[in-house]
Amino acid sequence: MAASRAASRAPRDIANVMQRLQDEQEIVQKRTFTKWINSHLAKRKPPMVVDDLFEDMKDGVKLLALLEVLSGQKLPCEQGRRMKRIHAVANIGTALKFLEGRKIKLVNINSTDIADGRPSIVLGLMWTIILYFQIEELTSNLPQLQALSSSTSSVDSMVSSETASPSKRKVATKIQGNAKKALLNWVQYIVTKQSGIEVKDFGRSWRSGVAFHSVIHAVRPELVDLQKVKGRPNRENLEEAFTIAETELGIPRLLDPEDVDVDKPDEKSIMTYVAQFLKQYPDIHSTGSDGQENDEILPSFPSFTNSIQILKREDRLILKEMKVWIEQFERDLTRAQMTDSSLQDKYQSFKHFRVQYEMKRKQIEHLLQPLHRDGKLSLDQALVKQAWDRVSSRLFDWHIQLDKSLPAPLGTIGAWLYRAEVALREEITIQQVHEETANTIQRKREQHKDLLQNTDAHKRAFHEIYRTRSVNGIPVPPDQLEDMAERFHFVSSTSELHLMKMEFLELKYRLLSLLVLAESKLKSWIIKYGGRDSVELLLQNYISFIENSKFFEQYEVTYQILKQTAEMYVKADGSVEEAENVMKFMNETTAQWRNLSVEVRSVRSMLEEVIANWDRYGNTVASLQAWLEDAEKMLNQSEHAKKDFFRNLPHWIQQHTAMNDAGNFLIETCDEMVSRDLKQQLLLLNGRWRELFMEVKQYARADELDRMKKEYNDCVTILSDFATEAHRKLSEPLEVSFMNVKLLIQDLEVRVFW
């Protein structure tokens, strides 16, 4: 019982530790990235400062300012006191579009998440920018990077684990590793040369501070005493290294000692800081006078002018040697297939060739990684690939032929096994459009289900043959029979889980397709608007897409089915790593949809508000223009006529205010051409209004003055009547008695009160 409870606590404890480490790294990254951003924004005129990274990126203003400083290009930006969320999202969209225009892939980074200040997404975007504009740019000055660089920018590696298959994530890691590897190679060379210490990574290797001092020593040897450094506490070393780098080399202090002196320092933060030293290193471009590399200065880094040619020659030599090997392998394979021998001998020969094939496979796959920026293979690579594909096909065909050569029904079982193995091992090709990926997975899943439904029947037939080691008294080669037994075990043990995984993946990409569709629709709805008709069309499009097609209901149904499928798949798989990946995808997708759905739901009210302002503006402009025409003519009329005409001036003041409120709202939400026309129209109307109002503003309170004058005259009349009556009463003779005096006083009091 106790063991069971301990086992159940273990995953939670691991998850808690992982979450704590992630939170700590997030804090360090936020601090480092903020300092890096501010070091660049300080160059802007006027300068800007980011105080809270997650908050200050929400409106996109400082994000665009940063990209302007880094790129030297001017970018359009919405800003001002009347900014609304729609303008913030538009700014961020401009920034993301700019990055995409530079062939930087931004997977799962969208405008609304940045506008919401989601920490993981903001940090991911900042790291993408740092990787592209600093680390990749600076390491590209290292000549050896030309050999390490893959076909795409290193920032293409920012492939989200949510949408990448395991094979895609391997490629992504490799691509991202190129700039990192170049930077690490450079550090390893100069640090080993200076201090003899080993730098294995951008994590714990830097904790003591010695590596930072060694890098500084490589730039300016007189600044550091390496022997003194090695015997001091970590934080003292780190503090001194950061101070020297800042004061003597002008390198911004992006890190603090407490950021690095921890069990697991943040790799991205250290890479960001260390890459700055490349600007100061004196020997990056050093070459001998004859144009060859200067072995005395930097022997492991050939000169920039000839390194590419050297590397190409080496690669081409290796590829040509590999092509020769493959062609010889193919000739030997063909001869072996043609040899007249027993089925058992042929199968032994096949196994010999398959072992050689598997031993070479990884090396060849590595050589066939694209070297060019356009992602295409070189001619030598293409020739090797063509030869390798030919050999692969021949070897697999031979395997099928050997299985079919077995006495029936083993031949049929062997052919079925081959198809089942191919289906179970086939990698899913992740296409650019999620819906296409989902459709492909659905089609393959149906094909696999049809294929695998024969498993039990073939298994029963095979087990009987395996038990007797013969078919109708004809012996079967034991090696081939044992191999088929292993293959059966693989097919039967993995087929159910394989189908569950494919169902999960299909639903996953259907959900991602809905998310991408909602995101793209949102971007089309929160643009700068045109005239009223175009906004009306957008509203109709929104109603058709969201309400008529029941988009939210469709998403919810897909999500619930995916959730149930994910739970069954994770339970059947039993892998902690896969469970974490699935849980991460579900959690992040839930958070993304929560934010996105709020934005989408608010679109209708926004569009309706824009249309309402167009109607208000159109109505007030039309009526105000007509009234201004009449009012301007009345200026030449008599005072009495003017007074009578302008009695309703307060109403037109309200109309004028309503027109300007609606017009200013539309100016802020409409595109440049519409805004320009609105501004011009308002300028003309307000000019006419101002001139007229200066002439007639006294009539604005005419009705109120008439009312006050009438009230005054009425009061004077009443008071006069009272005085007259009182005088009369007081002048009349009065027979003195208590009752008469009392009545007189009461009469006067009543009149006074009245």
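Lys550 is found in the loop between α21 (532-548) and α22 (551-573). Helices here are DSSP runs of H or I with at least four residues and strands are runs of E with at least two, both numbered from the N terminus. The model is predicted, so that local features need pLDDT of at least 70 and side-chain atom pairs count only at pLDDT 80 or more, whereas totals for chains, interfaces and linings use all residues. Residues are numbered from 1 along each chain as its sequence is written, and side-chain values use heavy atoms, with hydrogens and water left out. Although Lys550 is not a glycine, its phi is positive, at about 50°. With a relative accessible area of 48%, Lys550 is partly exposed, a class that lies between buried (under 20%) and exposed (over 50%), computed with a 1.4 Å probe and protein chains only.

**View 1. A cluster of aromatic rings includes Phe545 and Phe551.** Ring pairs also bring Trp525, Tyr542, Phe552, Tyr555 and Trp593 into this cluster, where rings of Phe, Tyr and Trp (its six-membered ring) pair if their centres lie within 6.5 Å, and planes under 30 degrees apart count as stacked, over 60 as edge-to-face and the rest as tilted. The charged end of Lys521 sits over the ring of Phe545, at 5.2 Å from its centre; this description requires NZ of Lys or CZ of Arg within 6 Å of the ring centre and within 35 degrees of the ring normal.

**View 2. Trp325 and Phe329 form a stacked aromatic pair.** Their ring centres are 5.0 Å apart, with 15° between the planes. The two residues are 4 residues apart in helix α14 (residues 304-338), and therefore are separated by about one helical turn. Trp325 is partly exposed at 24% relative accessibility, whereas Phe329, at 4%, is buried.

**View 3. Arg469 occupies the loop between α19 (455-468) and β1 (470-471).** The phi of Arg469 is positive, about 60°, although Arg469 is not a glycine. Arg469 also lies over the face of Tyr466, 4.4 Å from the ring centre, and is partly exposed, with a relative accessible area of 34%.

**View 4. Leu410 lies in helix α17 (residues 410-425), and Pro409 in the loop between α16 (379-404) and α17.** The peptide bond from Ala408 to Pro409 is cis, with omega near 5°. Leu410 is buried, at a relative accessible area of 0%. Beyond residues up to four places away in sequence, Leu410 touches Asp403, Phe462, Ile465, Val471, Val476, Leu481 and Met484, contact meaning heavy atoms within 4.5 Å. Val476 is 66 residues from Leu410 along the chain, and their C-alpha atoms are separated by 9.3 Å.

**View 5. Trp627 is one of the residues that touch the most other members of the largest nonpolar core.** This core holds 149 residues, a nonpolar core being a set of buried Ala, Val, Leu, Ile, Met, Phe, Trp, Tyr and Cys residues joined through side-chain atoms within 4.5 Å. Helix α23 (residues 576-634) gives the most to this core, with 19 residues. Leaving aside neighbours within four places in sequence, the contacts of Trp627 are Phe645, Phe646, Asn648, Leu649, Trp652, Trp689 and Leu692.
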